[in-house]
Amino acid sequence: MNAWVRATNNGHVGKLAVGFYTSFSAGNLRATLSEFGERYPEVKVSGFERDRDMLLAGIENGLLDIAIMTGETPYRGLMSRPFWSERMLVAMPAGHPLIARERIHWPDLSGERFLLTKRDPGPETRNMLLGKIGMPGYTPEIEMDDIGRDTVLSAIALGGHISIVAESALGIQIPGVVFREVHETGGHIRTGFSGYWRADNNNAVLHRFLDLVGGRYSLPSIPTPQPKKE
């Protein structure tokens, strides 16, 4: 019993509830959780795919230990840190003229019809498109449907639309969909992912996970939280 208690206190045994809205089929999230599972096989990891508002609510009410989302937006009462970044890709139907190019630049996408999900991170992607290719007299045609990531790609395969996705979507195998990197001055476009958790979460497994992420991606040490002044 003492050995089990020590293992629990050290984060080698226990549970970890992880929320996300990125694709789990490939990319850094899958690789990180796989490594964590191999290193701590007696920890039960539960994944929950939800939108941003529900993820934040899950952390606040204690249902989630950590949420992994795009961006670096601070939220009152929560700890956060940047985790990793992924390339942004254009998803196009096979036979699209732009497939002939190894590199796609934002101006190349003017005049295209985009299909995005209304769910996260669709709204962020829409804002990015408006900022990158929108201009006076031209607003990109962006259709927002209440469908999942996989369904968006299935629709892309039918032709008529393209989409913008993070590289984790490469694990979603949809026949007839081709991916190309988006580039601008300085190299390809990347989107950052951050982790969010409650400062008063004493789950030892959570801190094991944060340590693993920090080591895996060579992140600086997490600063000690300071009490907020009222």
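In this predicted model, helix α2, which covers residues 27-39, packs against helix α6, residues 204-216, at an angle of about 120°, and the two axes lie 11 Å apart. Because angles from 65 to 115 degrees count as roughly perpendicular and those over 145 as roughly antiparallel, α2 is therefore oblique to α6.

**The α2 and α6 contact**

- The crossing in which α2 passes α6 is right-handed.
- On the α2 side the contact is made by A31, T32, L33, E35, F36 and R39, while α6 contributes V205, R208, F209, L212, V213 and R216.
- Sorted by class, the residues in the contact of α2 with α6 are seven nonpolar, one polar and four charged.

**The largest pocket**

- The largest pocket holds about 480 Å³ of space, and its lining consists of 29 residues, with T117, D120, P121, G122 and R149 lying nearest the centre.
- Two or more lining residues of the largest pocket come from each of the strands β6 (113-117), β8 (163-166) and β11 (190-198), and likewise from each of the helices α4 (122-133) and α5 (149-157).
- By class, the lining of the largest pocket is made up of 12 nonpolar, 10 polar and seven charged residues.

**Backbone details**

- The peptide bond that leads from D120 to P121 is cis, with an omega near 5°, and P121 is placed in the loop between β6 and α4; D120 and P121 are also among the residues that lie nearest the centre of the largest pocket.
- S218, which is found in the segment after α6, has a phi near 50°, a positive value in a residue other than glycine.

Definitions and conventions
Residues numbered from 1 in each chain as written. Predicted model: local features only at pLDDT ≥ 70, side-chain atom pairs only at ≥ 80, totals over all residues. Heavy atoms only, no water. 1 Å grid on protein atoms, 1.4 Å probe; cavity = no way out; pocket = protein on both sides within 12 Å on 5 of 7 lines; lining within 4 Å. Points joined across faces, edges and corners; volume = space filled by probe spheres on them. Helix = DSSP H or I, 4+ residues; strand = E, 2+ residues; numbered from the N terminus. Nonpolar A, V, L, I, M, F, W, Y, C, P; charged D, E, K, R; others polar. Axes fitted to C-alpha atoms, helices over the stretch in contact; angles between N-to-C directions. Parallel < 35°, antiparallel > 145°, perpendicular 65-115°, else oblique. Left-handed = near helix turned anticlockwise from the far one by under 90°. Contact = heavy atoms within 4.5 Å.
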